[in-house]
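Take a look at the model shown here.

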Amino acid sequence: MKFLIAVSFIITSASAFAPAAVTQSSSTTALFMAENGDVQPLRIGTRGSPLAMAQAFETRRRLQEQFPELNQDGAIEICVLKTQGDMILDKSLMELGGKGLFTKELDVALLGNEVDICVHSMKDVPTWLPEGTVLPCNLPREDTNDAFITKDNVYKSIEELPDGSVIGTASLRRQAQIMAKNPTLKCVNFRGNVQTRLRKLNDGVVDATLLAIAGLKRMDMDKHATSVLDWSEMLPAVAQGAIGIQCRSDDERSLKYIEALNHKETKVCVDCERAFLEALDGNCKTPIAGQARIVDGKIKFRGLIAMPDGSQKFEIESEGEMADAKDIGRAAGEKLKADAGDKFFQMMVEMSPQQVLGQLAK
């Protein structure tokens, strides 16, 4: 079931991220005249979580800074949709099917002309996009690292956790790297928005959890992080920390607006990482991590695949020219796929969700 509501009716917690005032402009070039004569605003589609709303308001702010006509009252409308991933919280993402759980309803609204652009956390976006849509824009990337969080900051790192500690996370990528460090640790499914997860942690449901520091920073909640993990401690997810903006491929008005917001270096890195993921053809049972950075004008990439219980892990590092970003990512994925071998991936395919979760909770 799909729900779409205008921003004026959304939950009050999201209003905290809205600007206090909107400046006025007499220009009407941003407004589209529909066939029935109605003036149509630029409609931004988003999920309704506090983090998603913060990202939608950030997109609106950047649009209004870049295009004065979008400051006109009513020139931009934010439309909130419920996704399957938001509605079903008692099952792991793996059990629900993984990628696409947070984007399908937005895709449907976009193709149905209910919204004009969609704002996504890029790590939630499948490597394929629905026909008739494009994603030409990434906003400047936030810190990509993971935050490690314990109640009252008792333990500062994964290594400090006592044997048998319980870590809450919905990410197989995190689970595999955690268990590679200490196989006695127990990982349990931990879903819900950031506020829900922090409340469960404080209630003692788990001993620790991990969250993207980018999301915490965007909601001014990074004070909750006990520590920020370096890549050597926890390699982040493909496209973590990046915001992407999608539109219909034939929508010239929306393309003009969002292409102007694109941050080249972020998009180069995200394209490299997503090419890596696509080459691996990773399913929701496969722990995959991949990150690219631009250093001295060159792109440097690190990638990882692992068994869900951390018992096997394959890593790669590569670098090259920014213009070759996609080729670098694709080659890294193909190399890891060859290194791991057919048996590794066959085991992933044959494992039931129960088997994988059983390994993670042993």
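Helices (H or I, at least four residues) and strands (E, at least two) are DSSP runs, numbered from the N terminus. This is a predicted model: local features need pLDDT of at least 70, side-chain atom pairs count only at pLDDT 80 or more, and totals for chains, interfaces and linings use all residues. Residues are numbered from 1 along each chain as its sequence is written, and side-chain values use heavy atoms, with hydrogens and water left out.

Q: How many helices and strands does the protein have?
A: Both counts rest on DSSP runs. The protein has 11 helices and 16 strands.

Q: What share of the 362 residues in the protein is buried?
A: Buried means under 20% relative accessible area, exposed over 50%, partly exposed in between (1.4 Å probe, protein chains only). Of the 362 residues, the buried share is 52%.

Q: What is the average pLDDT of the protein?
A: pLDDT is the predictor's confidence in each residue, from 0 to 100. A score of at least 70 is reached by 80% of the residues. The average is 84.

Q: Is helix α5 mostly covered or mostly uncovered?
A: Helix α5 spans residues 172-181. Its buried residues include L172, I178 and M179. With 8 of its 10 residues buried, α5 is mostly covered.
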